[in-house]
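Here is a short note for someone opening this entry for the first time. The points are numbered so that each can be checked against the model.

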Amino acid sequence: MTLPPRFGYAAPRSLDEAVRVLQARGDEAKVLAGGQSMIPLLKLRVGAPALLVDIQKLPGLDYVEESGGFLRVGALTRVAALCRSDLVRRKYQALHDASLTVADPLVRNLGTVGGNLCHGDPANDLPAVMLAMGGELVATGPAGARTVRADGFFVDTFTTALARDEILTEARVPSPPPRSGGVYLKVEQKVADFATAAAAVQVTLDRGSGCAYVGIGLAGVGATAIKAKKAEEAMAGREPTDRKAVAEAAGLAAEASSPVSDIRGTAEYKKRLVRLLVARGLEKAGERARRGAR
Amino acid sequence: MRVQMEINGIRTESNTDATTLLSDFIREEAGLTGTHAGCDTSNCGACTVLLDGRVVKSCTVLAVQAAGRKVTTIEGLGDANDLSPVQYAFWKKHGLQCGFCTPGMIVSAYALLQRNPDPDEEEIRNALAGNLCRCTGYVKIVESVRYAAKLTREGKTPFRAAARRRKEGEIHGPPGESL
Amino acid sequence: MSSKPQSSGLNNLDPNAKFNLVGNQAVTRRDIYAKVTGQRKYTPDIGPGDIGRSTMWYAGFLVAPHPHARVTSIDVSAAQAAGYVTLVESDLPVGALFGIGARAYPPLVSSEVLYPGQPVAAVAAPTANEVVDALNLIKVEYEQLPYVFDAQEALQASAPQLWPGGNVPGGGVGENGAVTSGTLTLNLGDVDTALANADVVYEDTFGTSIQQHFEIFPRGAVAYWSGGQLTVNASTQFAWAVQQQLAAYFAIPATDVRVSTSLGGYEDGGALGNGLGNKSTGEEYVLAAVLAQKIGAPVKFVHTRLTHARTTTNRWPLSATFRLGAMNDGTLVAIDGIYTANVGGRGGAQGADAVGDFYNAYNCPNMRFYSIPVTTDAYSNGAAMRSVGEEQGHFLMESAIDELAHKLNMDPVQFRLKNMRQAPNPVEPFANLPYTTIAQPQALQEAMQAFGWSNLWKGWGVPSSVNGTKRVGVGMCIQNASKGSPFPPSTSQVQVDPDGTVTVYIGLTDHGAGGNTTFPLIASEALGLTSMANVKLIQSDTMYTTNASVTAGSQSTHNSHSLLYAVEDLKNQWFPIVASKLNANANNLAFGNDTIYDTTNPSNSISFNDAAALLTSSIKGFGVWQIPFNVAYRSTGARFAQVEVDTETAVVHVISHTFALGLGRTIFYKGAIHQMMGGSVMGIGSAFFEELLNDPSQNVTVTPGFPSSGSWLNPNFHDYQIPTIYENPDSANVIPVENIDPTGPFGATGIGENCIIAADISFINALSNALGGYRFHKTPIRIEDVVEAIQWMNSNPNGASSTSSSTTS
């Protein structure tokens, strides 16, 4: 059996205490939440933190609620809770779709929203949704809480904008106005595999049927989750049923991606998939927006 | 460190390292070897247990994370005298071959039926997507879960009757139905 | 249940015979109860208490990360100083080899590493957690040497030479013509003339990849000594063979070695999970024993997934270049095949085995086969993985045959019906051996009908339906595979106690296939019983059973034929006693419906239990069975598949699969059906996912987040992908075909391997049909292959012409 290396373990009872521990030992510590990314790596002895700071029991970080114009998700909310949430299913479809494709049902029961976002794995599903929906992340550190835009949070593979003494406490996405729709499309070689490629698309239609808002996030096709900004801009004011516009945006999204060839397919194939998923995603999100599915 | 949890309704307490995985705690400290470890990469699901009623991979949880919580393993679902409907269905419909993945499959199926007593095929596949099997091709596993759902919905407990017959001294059970 | 008692002669081959238990669809696995309650103990579950000890040590391997290297130094001092027990090659008996016959090898690297993952050292620690710590304390230095992964490259003069004699292992023709290694040439008729005169000649090359069993249950062993006596609880399909190997290794009498798969305390097959050919022999059996001897305590060895995947046998990559000749009326007139088998670093695999099947499938007068096994540094050794070569061989041959039918523009089913070997009087052509039985053409006809082929097949390259970007194609293939080598004789015993309890003792094991039900079922039927409730089974333990052959080669059902002889022996002891009670002639007595009765006056009978009560002590019958050599054992069947492909995403999904296979006579119905279903889904992995990859030669990157400290890329369930519950077909229809085999018990034949053989090519032929008739040349079909096929289809809107050469004269 492959087993974890030895490590110290701390289970702070409050957010303040957790931050204090990180302040003291942040360089050698890792934050443990659901553990569904961390523990597999520990078992392979990848990285050997001297201290695990288990934040699982911190109070008040497990919630899914709408307030102040945002859907607010506590960092310790299990991914399965998003899958089960009626509110998320009705109004935040891209987030709901993505939650359902996170790993497998066993992992979703323990894996947390915060962990999925903080792990910095480019193949994770939720970062792409945050980018597409214009989400924000709340980081709590010694100086209190600060808000970081999702666009800018995913710095590099396994690296985020969180400081070593900060803990992600909340993820939030703006509540979409009427005539909005979202979708998350993913191709994976088999269930629970890393995404070969995936795209999150969020659309709000204007009074006509042009796009008032378009957000596009990509997963699995770069060093981090990618916000396909040029593709978003290309759709501004244009209709998701406009095949020419969609093809143009999809092409720009593919250009924004930088996948690598691996056992899941060649870089070229993955770019093709991005084009396809973004095109299908724009159509589907537009359709959901028109139906007012919210 | 001192770690205590309730496994199958029995309080289990032990001095253990922070590095101990829940699967090892269950197997070594509680002596319940029905929870299997088939891979090192958290992929196979043979170690599936219920943690506070939800299915998890016990090889991907530290024992200390489960401290103070309730764990249910395959042994906790039913025994010789009282098979759970899912266990009975896997027996009756032959939802296994070598049986190594079976405890995980059954625990996952049990959790599915707890929240959805009438799953369709797609829902069954969804619920068992984290459990790998190399022998059966899954066909009979899906059939077993459907049958377990039917038994559960109808409130039938033939498995208890079979278990009683087992007590009467037959060997390979649940007998009476065993040729 | 029939109203009249049945005759239970030595082997009832009447195709219309009615049985109590044989083929009875209500019979369930005997061990299923222990398995659904978590009570079944597998090797990793065995603790010290299970073997009456208070402590146990835990062991693991250090494996070489390089494909080809010289070990320049091994430093175990730090591990020893920390209190761990280490083993390197110099600690082992000089020159002692472990393994089967020509494939025996030193269990630890002596100087040169020949494949990535070769064990270099072993350690034992007092707790399982410390094994990795102990391994990390061992320092090995390597001098890396030039390596070669590809078989064709290894044949070049400039390639690194792995063995003193070069990269083509020497060998020859073994017992009964079985080619053990080395090149092979077979020739029948006049291939060159036939090709010259053929209307259509088709030439093409196909290949396969390294695949691994990846059964969920990892290999392992628990070993301990009591004085000079060794007990090994091994997860092995070969308890008796491993006993012999261990005795030879330690130079002790075989009677001082007990090998069991059942030490966990369960009688029904014990601690073995799925085998798939992986659990034949392994370094851990002997090294656990050496460590146990050194430490003086039981040692448990359980593989990590890495060592599990990289130390054992693999399905070897086989490639073939064919020239096939046919006449315009569809008659197959020539098969010319040149095969290259990449047999891995340890070598010695049987590349020629694959060829053994091709010439049996088709009734072709002119055939020539040449095969060459090549050692490479790609992996350990090419040997058993649910078939020994036939799985690859069927992909190669059925790809080429399908394409030939395509060239002829002939319905692929009609081509097979016209050319395949079938009843009556099928003969293996080279050795001229008569088949024991054949299920063709019945299997093909039944499967075709059940599948609805005539409605679904629209012609070559014409999908059966197109819906937007989704195209659905259909395909088929046949199979005709050998059932392993003629293994040594197999024995068994059947005991009856005065209280009527029956105990079956058999050295064969059960690795999920259902032997633990099949064996007692056969004995019970022969004893005329209507239930197995009072029948016990002791199996796969050299202490309690008698010598058995191996549970491999789809032959354990055949080998359990010995049970009929054991029952016959029992009769000779028992019937004279019963005869005096019944005032009958012992020769006229027979078992039937839980009685023993006088065949001349059936009403003169005694119940089985009353007859047992006549015994003053238990009696035991002994049976031996040797599969005859002068016949061809073939398993035959046909497969049809329906596959959907999304031409935008290139994602493939198997919609349905219909599989008819000759079972001889179905003994354990549920077990057989499930084997057929499980094997078919395993074939989906073979067709679309499974390939054990090495790093340096492959243009692929490591999965982010997983370490690649060696030459291996995917020795884990994350990256080596086996079918999940989503991959199983929406509809799976399996059809057992009864074709009585007179050499099998009650006419049965074994099927284990044949459940996967040819599955992949049935799916691939269907995918080809969906994509304009594009011919795929290599398994597994990766996503980029599908992309390429889609692009080819789009640029060849009429499809139906191949990228490979063909000539029409």
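1. Chain A holds eleven helices and 14 strands. Helices (H or I, at least four residues) and strands (E, at least two) are DSSP runs, numbered from the N terminus.

2. This is a predicted model, in which local features need pLDDT of at least 70 and side-chain atom pairs pLDDT 80 or more, while totals for chains, interfaces and linings use all residues. Residues are numbered from 1 along each chain as its sequence is written, and chains are lettered from A and ligands numbered from 1 in the order in which they are written.

3. The C-alpha trace of chain A spans about 55 × 45 × 30 Å along its principal axes. Of its 294 residues, 61% count as buried (20 or more other C-beta atoms within 10 Å of a residue's own, with C-beta atoms placed from the backbone).

4. Helix α11 of chain A covers residues 267–291 and has 25 residues. From first C-alpha to last, α11(A) reaches 35 Å, close to the 36 Å expected at 1.5 Å a residue (1.5 Å times one less than the number of residues).

5. In chain C, strand β22 (residues 490–496) has six of its seven residues buried, so it is largely enclosed by the rest of the structure.

6. β22(C) runs antiparallel to β28(C) (residues 619–625), joined by seven bridges (strands pair if DSSP finds at least two bridges between them). C:Ser490 is opposite C:Trp625 of β28(C).

7. β22(C) also pairs with β23(C) (residues 502–506), antiparallel, over five bridges. Here C:Gln495 stands opposite C:Thr503. The two strands form a hairpin with five residues between them, and C:Gly500 in the turn has a positive phi of about 95°.

Notes
A residue is buried if 20 or more other C-beta atoms lie within 10 Å of its own, exposed if 12 or fewer, and partly exposed in between; C-beta atoms are placed from the backbone.
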